[in-house]
Amino acid sequence: MSENFEKEINKTFDGALTALVVASIAIVVIGGLVQVSFGAFTMSLEQAWRAVFDPKVITNPDVLLALLLGNEIPVDLSSETTVVWSLRLPRVLVGILVGANLAISGAIFQAVTRNELASPYILGVSHGAGFAVLLTLIVFSGLSVFLPIFAALGGIVAFIIVYAIAWKGGTSPVRLVLAGFIVGTIFYSFQRGLFFFAPDIGVVQTALAWTTGSLTGTGWEQVRTVLIPTLFIVPVSLVVSRQLNLLLLGERTARSLGMSVERVRFMLSALAILAASAAISVAGIVSFVGLIVPHIVRNIVGTDYRKLVLGCLFAGPALVVGADVGARLALNPIQVPVGIVTGLVGGPYFLYLMRKRQKLGEL
């Protein structure tokens with residue numbers, strides 16, 4: 001048993017994947033250190049590093065639990081440690097969780113549709129979830145505690161509409177992308193229309209920042225919100241990597257190997273929608289992460305989803321945390337929404353794919 005497990009681990013962790021994981025962790029650590037060092041309360045990188053690894057916090061489960069649950073901290077902490085752990089580090093943690101969820105969601109959608117252009121953003125899922133969240137924030141603000149649930153419902157409705165429009169005795173990569181563009185545009189228009197129902201200009205400004213994707217102001221509440229579904233999404237996505245590999249072989253081959261294709265496709269799509277919705281509920285619409293991260297990882301580790309999902313789990317956080325550093329420092333003290341930075345990166349990369357591939361769209 002142990003020998004088989006060791007062989008499986010060796011097959012998964014080759015040199016390319018290991019290098020990707022190490023590089024991604026390095027980007028997250030460096031980016032996180034930069035993030036916790038800047039703000040109204042200034043401190044050096046050395047002070048920030050000591051605050052992050054303050055023994056009073058990292059060796060005391062009661063303190064960590066109090067921070068996570070939003071309770072009163074049971075010990076006295078230095079000013080630097082309080083600022084880092086209460087205000088700045090949660091933003092980094094949210095970026096890590098958002099990046100992982102969006103990257104995994106995009107990878108799953110690309111396998112389910114056998115379409116390398118698929119992503120929560122391209123398929124309209126992000127805009128559907130975004131509309132549901134904005135509707136809750138502006139019109140039904142008393143129900144904001146249920147944001148992840150409403151985001152998931154909005155994403156599900158959007159994806160069902162996209163699939164129904166694209167279906168014509170089956171679907172094709174081109175029809176799915178076109179349908180996703182249409183549905184996404186409609187839901188985006190609904191989002192804009194909701195601004196007229198906002199009670200004051202402050203709500204409008206918050207909503208505008210949210211629709212472009214932002215980690216500004218995120219705290220432990222947002223960490224809790226996205227952490228709970230992530231603890232389910234990550235292990236399940238790793239477990240279903242075999243089913244994702246089978247879907248890439250085509251429906252006929254998958255059925256011949258005993259797979260109930262439509263049932264598996266539905267369950268995997270639901271998992272991808274949950275991942276995207278969890279991220280959107282705390283960070284808004286961070287565009288292009290679900291599209292470009294699976295491509296980058298695929299170019300490095302290959303098409304085996306056992307490696308691809310694991311690579312996305314690390315590369316997604318690296319992109320979002322790195323982009324958030326750029327968003328925060330580019331026009332300091334003005335903080336640019338992180339979605340603008342990922343859009344500036346993802347747009348040119350999308351055009352690069354169009355120019356590079358002769359047959360763009362199919363996996």
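Predicted model: local features only at pLDDT ≥ 70, side-chain atom pairs only at ≥ 80, totals over all residues.
Local features need pLDDT of at least 70 and side-chain atom pairs count only at pLDDT 80 or more, while totals for chains, interfaces and linings use all residues. Residues are numbered from 1 along each chain as its sequence is written, and side-chain values use heavy atoms, with hydrogens and water left out.

Helix 15 (289–301) packs against helix 16 (residues 305–329). Helices here are DSSP runs of H or I with at least four residues, numbered from the N terminus. Two packed helices are described by the angle between their axes and the distance between the axes. For helix 15 and helix 16, the angle is about 125° and the axes lie 8 Å apart. Axes are lines fitted to C-alpha atoms over the stretch in contact, and angles run from 0 to 180 degrees between N-to-C directions. The two helices are therefore oblique to each other. Angles under 35 degrees count as roughly parallel, over 145 as roughly antiparallel, 65 to 115 as roughly perpendicular and the rest as oblique. Helix 15 passes helix 16 in a right-handed crossing, meaning that the near helix is turned clockwise from the far one by less than a right angle.

Contact means heavy atoms within 4.5 Å. On the helix 15 side, the contact includes Val289, Ile292 and Pro294. Helix 16 contributes residues including Tyr305, Leu308 and Gly311. The residues of this contact divide into 12 nonpolar, 2 polar and 2 charged. Ala, Val, Leu, Ile, Met, Phe, Trp, Tyr, Cys and Pro count as nonpolar, Asp, Glu, Lys and Arg as charged, and the others, Gly among them, as polar.

Tyr305 also touches Ser241, as does Arg306, leaving aside neighbours of Ser241 within four places in sequence. Ser241 belongs to helix 12 (residues 241–248). Ser241 counts as buried because its relative accessibility is 6%. Buried means under 20% relative accessible area, exposed over 50%, and partly exposed in between (1.4 Å probe, protein chains only).

Val92 sits in helix 6 (residues 79–113). At 6% relative accessibility, Val92 is buried. Its contacts are Gly32, Gln35, Val36 and Val321, not counting residues up to four places away in sequence.

Most residues other than glycine have a negative phi. Arg114 has a positive phi of about 50°. This residue lies in the loop between helix 6 and helix 7 (125–138) and is partly exposed, at 32% relative accessibility. Phe288 also has a positive phi, near 75°. Phe288 is in the loop between helix 14 (261–283) and helix 15, and is buried at 16%.
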